[in-house]
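Work through the exercises below with the sequence and the model open. Each task is followed by a solution in steps.

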Amino acid sequence: MVYDAPYYVVRIDDVLISHGILYSLCFKSAHAALPPQTILDALETDTHPQTLQPYFPAAIRSRMATGYPVMFNHLRTHHLQHICLAEFQRLSRLFQKQYNLKITADRLLPSVLLFAEGGHADARSICTRTELFFKNELFKLFLLWETELQTALEQLHSLHFKIETDDMPDNVTPLFDNTERHEILLFGNADNALRLREALPRLEIHHADNTPGAMKLLHENDIHLVLLELFPAPHPARKTPPATIPVRNDAPQDYAPTITAFNHIPPGASSLKTPRHFFKTLREHLPAMPLYLLESEKSRIDDELLATFVRAGARGKLTLPGNDRDVLAEEITSICTQAFLHNMADGLAMQHKILSFETVPTLSHDKKHAVIRLREFSLRRAVSAPDSRQVLDDMEKPATRFDDVIGATDAKNELQYFVNFLKNPKKAALSGYRPPKGVLLYGPPGTGKTMLARAMAGESDVAFIPATASNFVTKWQGSGPESVRNLFMRARRYAPAIIFIDEIDAIGRTRGKGNTGHGEEMALNALFTEMDGFALDPGRPVFVLAATNFNIEDGKDAVGAIDPALTRRFDRKILVDLPDRDNRKQYLTIMLRKRTNKITQTMIQRLAERSAGYSLANLETVLELAFRMADRKNRPADDEILEEAYELNRHGEKKDWSSDSLERVARHEAGHAYLCFLAGRTPAYLTIVARGNHGGYTEYAGSHEYAPMNTRDELLSRIRTALGGRASEIIYYGEDGGISSGAAGDLLSATRIARAMICTCGMDELIGPVALSEEEATQGPLAGKITERIAAIIQKELLRAIKIIREGKPVIDKLVNKLLEKNKLTGEEMETILKTARK
């Protein structure tokens, strides 16, 4: 007994259609029918969305109450397929009878027409689609004749519709490929599971007798059908009336059938506790999973108990056969096929996609036989008119993939997990955890946050809806909340979907500090409401991906930081940091392959080392500048042009200084390079060419890529390196002449490190192992003492630097002479000169 079968409809004058549900009158109620009052209450609350008037006036409801109102189920996908096939056959018979034209089709044609209508088809639309398809294709076919239509009809004997499945795309083939082995879960008796395996060798039968085990099997396997055995052990059936029932002498003696018919097992019986708990858990997590009750000859399910479970969501019941196994095998195989077809249609409906194809008619040489080929299948999104500009169509989706994003490995791994979740939300539903709400990407500008969002759009096969937070708020009062609500309403229509909100800090800054206005706060509150409320349907999740350039680790007290109430609503906050040396090298290599140039691998390696702290967007700017410079010079870009472009981008235009000033700068920078080399880190680049507001500089390889932890000696070594320029000037120009303004930036760097050692790391012997805030360190009672300790550390390291440079002056002289000769030195050139210092 299967309650999913189509019902016969009694046609009367008062039949109305409302939201795809058919209400009618019937004078015989099915066992699984809802109570009449429940149906009448539903009719009373079913109102027109604009006029708010009930579809069913009180007069009609009153007349329905005198009979047996029956609420009919939606037609399922396989029912629509049968309707499509029946309509096609009806039209074929008409042509066969009228013109003796035999029309046939491949078995997949009803499915093709059904999917071409989309996942929201109904009986009327699928009939119309079939009829229009039939007539349009015949009209196109008859255009191949240059004679009258009657002549073509008399000449043509047969027509066949052929589905070309050989060249179907990968995303279309699963719609028709039902060759996989179906998996079924039996919740009940292990002996019956063995019987099913013997009866259905082509199906894979899983067995469980408790809810946790069953849910684990559902999570780990692709289960198509669940069979629930209410009585794992045979329950005693009352076949004779109890002795306490009095029997009249003149009454018929066979009371057993009558009493048995009313001897129902209540749904709340203790013997049904375990299957009832599994049934409830399954309906909560997988409401769309087909579930049938399974009975055997020794444990029958009465009609009242069956009706209870059917009303709660069961599809019907199946009987475990004694000897005739083919009947059950055929019935279960049919159910699995129907479930497969329904899942495919549901997938198209959720994604708002339809199947598109082209038709090509061909004729035989004698024009007696014709074939209409259906080919070039594809899936395209059927976006509604109001959303056509907001939802990215498949043709507009970026071609970017995660493999195209350089660096950001952690972010790509996390986003790939969420992409997989959106493609298969069933797994999360079975696991029991709530669907994730979203991910917040943060980090410096130009690190690839927007590109990651584009890659996620390219990787996912769900609707992608981009938005910019600054567009939420306009000059109109209340526009911000309305824009946010419309955005999420649109996403729910196409769920599962991804919303990408770029520059979310435009509305998400910390409230209450004058950082935001009233409009931004209203939009932010609306965003909170939507993010807390949209995760109600685990099967159709909406995922929010947001990006900001603010560092959310600054906390709520930082000026302009992201509001903590916003960051709390994201499941993951992922830092998209600046690329490391290998990532920079990879990016430069890939980008330079796309354009003609003469740039060597040595230059690429050198620039990757020198550009520490640069984002990929900064490197792109350097490359574009280099190619523009090369175009102006009318020659391909080479090492010299690329290096000049980098210098110009980072430090500005060149300045002409005197020879004495250049010599002083060379001695200053040589001191830095020498101390850095002795500390174990070779400088990446050294120059005395004046640019911007400085006369020269030393670039350290990976200056922004220090180890996450540093010892006290390592920090002191960095202070000495910063003081190397002043120490070198003192050696060459004396105590008085060696003090110049060229060390201003060096002293600032050394002071910052020394202050961190004392106030943050607790590395000073006199202050002790304490951590002090900036206010305590600069304005509190310890401020003066801390300043003294900073000066003492710097003075001590300056004296050590002077001593080291005095001892290594011959090596520094070589470095200075080479600098004056070439104006700049690479890391390899410096290492050749400085390596004698270690000896």
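**Exercise 1: a pair within one helix**

E797 and R800 lie three residues apart in helix α29 (residues 783-807), so about one helical turn separates them. The model is a predicted one.

Task: State what joins the side chains of E797 and R800, and decide whether E797 is buried or exposed.

Solution.
- Step 1. The N to O distance between the two side chains is 3.7 Å, and E797 and R800 form a salt bridge. The cut-off for such a bridge is 4 Å.
- Step 2. E797 has a relative accessible area of 2%, so E797 is buried.
- Step 3. R800 has a relative accessible area of 39% and is therefore partly exposed.

**Exercise 2: a pair between helices α24 and α26**

Task: Find the N to O distance in the salt bridge of R664 and E729, then explain why this pair ties together separate parts of the sequence.

Solution.
- Step 1. The salt bridge between the side chains of R664 and E729 has an N to O distance of 2.7 Å.
- Step 2. R664 belongs to helix α24 (residues 659-678) and E729 to helix α26 (residues 724-737), so the bridge ties together parts 65 residues apart in sequence.
- Step 3. The relative accessibility of R664 is 23%, which means that R664 counts as partly exposed.
- Step 4. For E729 the value is 2%, so E729 counts as buried. The limit for buried is under 20%.

**Exercise 3: a pair between helices α20 and α21**

Task: Locate R581 and E609 in the secondary structure and classify R581 by accessibility.

Solution.
- Step 1. R581 and E609 form a salt bridge whose closest N and O atoms are 4.0 Å apart.
- Step 2. R581 is in helix α20 (residues 581-593) and E609 is in helix α21 (residues 601-610); the pair links distant parts of the chain, 28 residues apart.
- Step 3. R581 has 36% relative accessibility and therefore counts as partly exposed.

**Exercise 4: the whole chain**

Task: How many salt bridges does the structure hold, and what share of the residues counts as buried?

Solution.
- Step 1. The structure holds 26 salt bridges. R610, E643, E647 and K824 are linked by salt bridges into a network.
- Step 2. The protein chain has 839 residues, of which 45% count as buried.
- Step 3. Its secondary structure consists of 31 helices and 24 strands.
- Step 4. Of the contacts in the protein chain between residues at least 6 apart in sequence, 73% join residues at least 24 apart.
- Step 5. The protein chain exposes about 43,700 Å², and carbon and sulfur atoms supply 51% of that area.

Note on methods. Residues are numbered from 1 along each chain as its sequence is written. This is a predicted model: local features need pLDDT of at least 70, side-chain atom pairs count only at pLDDT 80 or more; totals for chains, interfaces and linings use all residues. Side-chain values use heavy atoms; hydrogens and water are left out. Helices (H or I, at least four residues) and strands (E, at least two) are DSSP runs, numbered from the N terminus. Buried means under 20% relative accessible area, exposed over 50%, partly exposed in between (1.4 Å probe, protein chains only). Contact means heavy atoms within 4.5 Å. Accessible areas come from the Shrake-Rupley method with a 1.4 Å probe; for residues, only the protein chains shown count as cover.
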